[in-house]
Amino acid sequence: MGKENSLKIVCLDADTLGGDIDLSSYFSEFDFTSYPKTDPSNTIQRLQNADIVITNKVLITKEVIAQTNLKLICVSATGVNNIDLEAAKAANIPVKNVAGYSTASVAQQTFASLLTLRNQVAYYDEYCKRENGWAASPIFVHLNKPIFELEGKSFCVIGLGEIGKKVANIARSFGCVVSYYSTSGLNQNNEFKQVSFDEALKSDIISIHSPLNENTKGLFDEKALSNLKDGATLMNYGRGGIVDETAVAKLIDEREIYFASDVLETEPMKKNHPFLNVKNRHRLLITPHIAWASVEARKRLLNLIVKNIKDFIKG
């Protein structure tokens with residue numbers, strides 16, 4: 001068969017995996033083609049001779065499935081909402097996602113953002129690097145932005161899955177008093193105290209690590225946000241759509257509320273997004289959906305995609 005087998009693999013959106021990793025080295029045993037991005041109008045044409053597709057966000061619709069000869073759909077992520085699962089099942093095409101590869105990466109980014117906000121790292125770094133900053137100071141210290149300890153703070157995790165548990169354990173190592181709110185109501189964990197949503201809103205720090213579903217969509221709406229305590233920090237490392245972004249942008253300017261998020265309801269960020277007009281920017285930290293994407297996590301992801309393909313070949 002030449003290479004390990006004659007199956008043709010096409011990756012539709014390689015740019016979502018970063019340009020610093022050579023994808024071809026992972027698929028050297030296969031007939032592999034990758035495209036940086038794929039417009040929906042080009043999906044069917046690019047998959048005409050493909051046996052296996054790898055996609056992160058490009059939609060594999062009923063129409064795509066009907067007009068191609070795919071044997072396996074690989075999602076380079078955990079969520080499979082970009083695949084028409086019913087159409088794939090009807091066509092007898094397995095859909096393989098990858099889970100658990102980004103737990104350490106997301107947990108680390110959660111605390112990187114939390115510490116950046118609560119220690120005002122960006123402000124103090126900028127102060128030291130400007131000519132009229134620390135170098136022009138008459139005293140050894142500059143305390144224009146207050147910094148706060150994590151120790152002793154109440155820390156509530158929203159969604160105690162694998163990532164949520166990792167975050168809860170790290171928070172406990174910082175000396176936080178950790179609790180969790182189960183968005184499904186089904187999660188029972190003896191390690192940490194389970195609280196109601198109303199109790200969760202009273203926490204000093206709230207960290208969201210839940211999927212977007214009927215239980216979580218709009219969970220942190222204007223009413224819920226209004227019940228946050230002064231000085232509270234809210235973080236969203238789950239999915240956009242869980243937090244009302246317009247309401248939280250308004251709240252940051254009205255009260256001492258801090259917000260960090262790696263996800264937005266619409267990605268990439270809208271050009272007229274309310275976060276771009278926040279006056280109290282030192283209370284806001286936004287990253288472009290990078291929490292999952294440490295170098296190590298992306299390497300694990302690719303190795304697991306290769307494993308999924310080889311397992312499929314073996315039957």
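**Aromatic pairs**

I went through the rings of this predicted model and counted eight aromatic pairs. I started with Phe27 and Phe32. Their ring centres are 4.6 Å apart and the planes sit at 15°, so I put them down as stacked; the cut-off for that is under 30 degrees. Buried or exposed, these two, Phe27 and Phe32? Both are buried.

**Phe111 and Phe155**

Next I looked up Phe111 with Phe155. Here the centres are 5.9 Å apart, and the planes are at 15°, so this pair is stacked as well.

Where in the chain do the two partners, Phe111 and Phe155, come from? I found Phe111 in helix α5, residues 103-118, and Phe155 in strand β6, residues 154-158.

Phe111 has a relative accessible area of 6%, so I logged it as buried. Phe155 comes out at 0%, so it goes in the buried column too. The cut-off I used is under 20%.

**Charges over rings**

Then I turned to arginines over tyrosine rings. The charged end of Arg46 sits over the ring of Tyr35, 4.0 Å from the ring centre. I noted another case at Tyr258: the charged end of Arg118 lies over that ring, 4.1 Å from its centre.

Methods:
Residues are numbered from 1 along each chain as its sequence is written. This is a predicted model: local features need pLDDT of at least 70, side-chain atom pairs count only at pLDDT 80 or more; totals for chains, interfaces and linings use all residues. Side-chain values use heavy atoms; hydrogens and water are left out. Rings of Phe, Tyr and Trp (its six-membered ring) pair if their centres lie within 6.5 Å; planes under 30 degrees apart count as stacked, over 60 as edge-to-face and the rest as tilted. Buried means under 20% relative accessible area, exposed over 50%, partly exposed in between (1.4 Å probe, protein chains only). Helices (H or I, at least four residues) and strands (E, at least two) are DSSP runs, numbered from the N terminus. A charge sits over a ring if NZ of Lys or CZ of Arg is within 6 Å of the ring centre and within 35 degrees of the ring normal.
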